[in-house]
Amino acid sequence: MRYSGFTYNDLLVLLQGLGVSVALFAATTVIGLALGLAWATLRYYRTPVLAPLAAALAELLKNSPVLVQLFLVFFGLPVLLGTDLTPVEAALITLSGNTAAFVYVIAVSAIESVGRDQIETARVFGLTRWQTLRRVVAPQAAAFGFGPLTGLLINQLQVTSLISVIGVTDLTKVGAILNVRTLEPFIVWAVIGVLYYLMARLIARVCARAELRLRAHSQWKGF
Amino acid sequence: MTSLTPYLGEFAAGARLTALACALALVGSLALGVVVALMRTSTMPLARRVADIYVDIFRNVPFIVQLFFLFYGLPEIGPELSPFNTGVLALALAGGAFTSDVIRSGILALEPGVLEAAQVSGLSRITIYRRIVLPIALRTSIRPLGSVFVNLILTSSILSAITINELTGVAKIVASDTFQPFEVYGLLLVAYFAMTTLVSLGAGVLHRRLNRHLHGGAA
């Protein structure tokens, strides 16, 4: 028996796909942020060997298609390591690494936007390199890097749609399934598109609000 | 690695298809980007509104969803496009949104004095746009346009999802033929890296050459 029309169950499937997309986006954003900031810290401390290696890796990840990275991890890594990876694991590894590369680039330029004289002054006052980073550089760099970070997050949300290609049942995969079953491409893909659009809007709004708070101290408050 | 040598011809064909799709999409994106940028900087509220909506949609919906919408949806309403043409159309539409952003900021960065001088000289609006606004705006945005093109190349890999055998599509076939996915996709990664690096280097050189008369290399 073939159900060709839409059913209420489709709504559930759609929500499930949405949940998978959101969960993977959230998880890879957190891991990517942590990794990318760690890479940037390596650079701040001018760690030999590791710092240039991190820079090269970030450049490679930034300048190659995420889809190819995904294939390399999902199909290639298991052969190399002799283990199996589930699609979700492969997606987690790839997207986290990709986010980390872009976070690294944003963090490095944000750190560089803080004047050298400030760092020198802090050092002269006897702050350790870590204290300088934590108390002087990081707060200013965070305010500077927030705008680019918002753009990155919206972009990374869209990038999560690619994991449908290796078989993760995210929002896009659900769209593909419904598309094949109902043969209503216009409705299905428009709904999927609207859902992604709303999520992007939500991220933009949350980030704008957070940025306002982050910059609150530097705002003109009057006399 | 040597076992991949027999497939070099297929990789070359895939690379040609990728290059062709990107070149066509670049032309389409530029044309669309110029029109949309002019609309977004125009004084007509309706034109601005329409252009803003277009950019908003195409920047906030994943490319693969746009691609599937066109690939499965277009045949329903009429024109039966080949997968390749659909892919190029999708790339151009998405690229147009990003291109219009770049050209728009190029237009907004124009010195008001230049425009006033042109108006005082009695040039018509069309002449001002054709001879003054666009040449300057395009010339000063070569470098950012280069990064839009780089993104176009990276995005073109997604065309493999609608049965187009461009570089990534070929790699998928070769990987399953040879059972050497790590080597194949590793090679592919490096190939894309080389292509995009070349493009951004080229854009940088062109940018500096075309803007060399600008003092202090500000642009």
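The chat below walks through some features of a predicted model.

Visitor: Hi! What should I know before I start?
Guide: This is a predicted model, where local features need pLDDT of at least 70, side-chain atom pairs count only at pLDDT 80 or more, and totals for chains, interfaces and linings use all residues. Residues are numbered from 1 along each chain as its sequence is written, chains are lettered from A and ligands numbered from 1 in the order in which they are written, and side-chain values use heavy atoms, with hydrogens and water left out.

Visitor: Let's take chain B. How many helices and strands does chain B have?
Guide: Chain B has nine helices and zero strands. Helices (H or I, at least four residues) and strands (E, at least two) are DSSP runs, numbered from the N terminus.

Visitor: And what box do its C-alpha atoms fill?
Guide: Along the principal axes, the box for chain B is roughly 70 × 45 × 25 Å.

Visitor: How many residues are in chain B, and what percentage is buried?
Guide: Chain B has 219 residues, and 44% of them are buried. Buried means under 20% relative accessible area, exposed means over 50%, and partly exposed is in between (1.4 Å probe, protein chains only).

Visitor: Pick a residue for me. Is Thr18(B) buried or exposed?
Guide: Thr18(B) has a relative accessible area of 1%, so it is buried. Thr18(B) belongs to helix H1 (residues 8-40) of chain B.

Visitor: Which residues is Thr18(B) in contact with?
Guide: Setting aside neighbours within four places in sequence, Thr18(B) is in contact with Ser156(B), Glu166(B), Leu167(B) and Tyr192(B). Contact here means heavy atoms within 4.5 Å.

Visitor: What about Thr140(B), where does that lie?
Guide: Thr140(B) lies in helix H6 (residues 125-140) of chain B. Its relative accessibility is 24%, so Thr140(B) counts as partly exposed. The C-alpha atoms of Thr140(B) and Leu214(B) are separated by 9.8 Å, although these residues are 74 residues apart along the chain.

Visitor: New topic: which residues touch the most other members in the largest nonpolar core?
Guide: Those are Ile192(A), Phe11(B) and Phe63(B), in a core of 76 residues. The largest share of this core, nine residues, comes from helix H8 (residues 185-214) of chain A. A nonpolar core is a set of buried Ala, Val, Leu, Ile, Met, Phe, Trp, Tyr and Cys residues joined through side-chain atoms within 4.5 Å.

Visitor: Which residues does Phe63(B) touch?
Guide: Not counting residues up to four places away in sequence, Phe63(B) touches Ala90(B), Leu91(B), Ala94(B), Thr155(B), Ile158(B) and Leu159(B). There is also a second, separate core of 18 residues, with Tyr44(A) and Ile111(A) among them.
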